[in-house]
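Biologist: I have a model on my screen and a list of labels for it. Could you take me through where those labels come from?

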Amino acid sequence: MNPKVDCFFIYRNEEASQRLVNQFRESPLVNQVYVLTKVKVTLVNCQQVIVEENGSCSTIRLIAKLVHADFALLVLGNSVIELGQGAVERLLQVAEYTDAPMVYADYFEEKAGAVVPHPVIDYQPGSFRDDFNFGPVRFFRAEVLKAFRYENYEMLKHAGCYALRLRASRMGEMVHIPECLFTKVETDTRASGERQFDYVKASQRELQLEMEQVCTAHLRDIGALLLAPFPETIFSENFPTEASVIIPVRNRVKTIRDAIVSVLIQKTSFKFNLIVVDNFSTDGTSEILEEYAQSGKLIHIIPERKDLGIGGCWNVAVFHPDCGKFAVQLDSDDLYLDENTLQIIIDKFYEENCAMVIGSYRMTNFDLAEIPPGVIDHQEWTDDNGPNNALRINGLGAPRAFYTPVLREIRVPNVSYGEDYALGLAISGKYKIGRIYQPIYLCRRWEDNTDASLDIAKQNANNLYKDRIRTFELQSRIQRNKMLDPNKNWKDID
């Protein structure tokens, strides 16, 4: 059996690194083992490579120069790993069967003294969020690394791995092996709800700008790039009410009254109403809503259908005859920051003639005390590139508000996760979106939040759905670009 694989991994500590070298050496398929380190260390049966930044494009280029085998196995994460039985052999086998540019696999996770399976998800055309979990190992054809040497990313310090896998995705279908081929020692034990906002930290700003640069170039290369300026909206239709606040709710007896009051105290120069779609609550929520409805303070709707998610409840409200010109979101466990929120939102529609407005919010606990990371303002959005960068990140912000005719045209997906993101992507591909960067909304994080702490299966289901949404939008943008100018070479656009 001829050696076909060069292996590269980041040095962690002497014991774990030497053990991994030895495991690689047990496979007759391994040609050479390279240890990436910032200082010289004491290891045997391997070659040491001094690097400045583990995730930089210069490090990926260096790896590309060192590869002499047909395939390269990369372990560039921060965790200690163990190879499973026949892991290298299985990766190579599938890579040769499928001719895939990159292969990855499920893994075991050692966490709190237990070893449990950690399945990952299939890669789709729209799977280019930069935090996609491939597991601890990525297995590339050497041709991918050689092609990367011609990418114009020499100065990027953080986005090397992201740029490499996007390059691989342009060379063929990425293949997922649904088998646990490694064991990874998990060091980040935070709940999913805590990790999801890491990208908004100030310390992540340089990294996020690099990721945006790489994502934008990728969209250009595949013909999906949107170019500013984005079309403004003409508010031509007449409505009896200027704005409707819409709250879909099911079993939120602890919070719905707070949400309602935060709407009723709004001070505006226009007429508005409150539409609450009660999805068959059983905990006393319906009685609270009926109390307010009887006094004429809100429109209480119980749908005729019993198969509705949050998105379906939104459609019920949006197509209601009393829905206003602008439909404004409020979740049933959240609040508007103060009595000026609704006026600020509607003013933004007219200031920028946009089809959608997205605000900023403050994270709080149940008692409304601020909790980390504090204000989420999505400063990564820019007027000239926001709709492109929206495909890379997992959310666009809150509260969200829409010009009702546009919302009726697109319709809200009848799901209870990702429906807001789907709308944001669809609207950003066709219309101008206005942003409010000051906090105008309080987002409560408590034990009954749907995304406060999710198990792996639910995280994977959510990520799979959002990647599918991205794929739909990506294909739509490619088709529209072709229709607008079939002869344009998008790679020539800076």
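Modeller: At 2% relative accessibility, phenylalanine 9 counts as buried. Before we go on, this is a predicted model, in which local features need pLDDT of at least 70 and side-chain atom pairs count only at pLDDT 80 or more, while totals for chains, interfaces and linings use all residues. Residues are numbered from 1 along each chain as its sequence is written, and side-chain values use heavy atoms, with hydrogens and water left out.

Biologist: What makes phenylalanine 9 buried?

Modeller: Buried means under 20% relative accessible area, exposed means over 50%, and partly exposed is in between, with a 1.4 Å probe and protein chains only. Phenylalanine 9 has 2%, so the label is buried. Phenylalanine 24, at 0%, is buried too.

Biologist: Why is the pair of phenylalanine 9 and phenylalanine 24 called tilted?

Modeller: Rings of Phe, Tyr and Trp (its six-membered ring) pair if their centres lie within 6.5 Å; planes under 30 degrees apart count as stacked, over 60 as edge-to-face and the rest as tilted. A search of the whole structure finds 18 such aromatic pairs. For phenylalanine 9 and phenylalanine 24 the values are 6.1 Å centre to centre and 40 degrees between the planes, so they form a tilted pair. Phenylalanine 9 lies in strand S1 (residues 5-10) and phenylalanine 24 in helix H1 (residues 14-25), so the pair ties together parts that are 15 residues apart in sequence. Helices (H or I, at least four residues) and strands (E, at least two) are DSSP runs, numbered from the N terminus.

Biologist: How do you know whether the rings of phenylalanine 132 and phenylalanine 134 are stacked or tilted?

Modeller: Their centres are 4.6 Å apart and their planes are at 45 degrees, so this pair is tilted. Phenylalanine 132 is buried at 4%, and phenylalanine 134 is buried at 1%. Elsewhere, ring pairs link Phe235, Phe326, Phe349, Tyr350 and Tyr403 into a cluster.

Biologist: Which label does glutamate 352 get, buried or exposed?

Modeller: Glutamate 352 has a relative accessible area of 18%, so the label is buried. This residue of helix H11 is in contact (heavy atoms within 4.5 Å) with Glu232, Lys432, Ile433 and Gly434, leaving aside neighbours within four places in sequence. Glutamate 14, in helix H1, has 45% and counts as partly exposed. Glutamate 14 touches Thr42 and Leu43, not counting residues up to four places away in sequence.

Biologist: What makes helix H10 largely enclosed?

Modeller: Seven of the nine residues of H10 (residues 310-318) are buried, so the rest of the structure largely encloses this helix. Among the buried ones are Cys313, Trp314 and Val318. Their cover includes S10, S11, strand S13 (326-329), strand S17 (400-403), helix H13 (404-410) and H14.

Biologist: How do you know that the buried residues of helix H9 line one face?

Modeller: In H9 (residues 285-294) the buried residues are Thr285, Ser286, Ile288, Leu289 and Tyr292. Down the axis they fall within an arc of 160 degrees, so they line one face of the helix; the arc is that of the directions from the helix axis to the C-beta atoms. Exposed Glu287 and Gln294 sit on the face turned away from the buried side. The buried residues of H9 pack against strand S10 (243-249), helix H8 (256-264), strand S11 (272-278) and strand S12 (299-301).

Biologist: Why are helices H14 and H15 called roughly parallel?

Modeller: H14 (residues 419-428) and H15 (residues 456-484) pack at an angle of about 10 degrees, with their axes 10 Å apart. Axes are lines fitted to C-alpha atoms, for helices over the stretch in contact, and angles run from 0 to 180 degrees between N-to-C directions. Angles under 35 degrees count as roughly parallel, over 145 as roughly antiparallel, 65 to 115 as roughly perpendicular and the rest as oblique. H14 and H15 are therefore roughly parallel.

Biologist: What makes the phi of asparagine 251 stand out?

Modeller: Most residues other than glycine have a negative phi, and most peptide bonds are trans. Asparagine 251, in the loop between S10 and H8, has a positive phi near 55 degrees. The peptide bond from alanine 228 to proline 229 is cis, with omega near 0 degrees.
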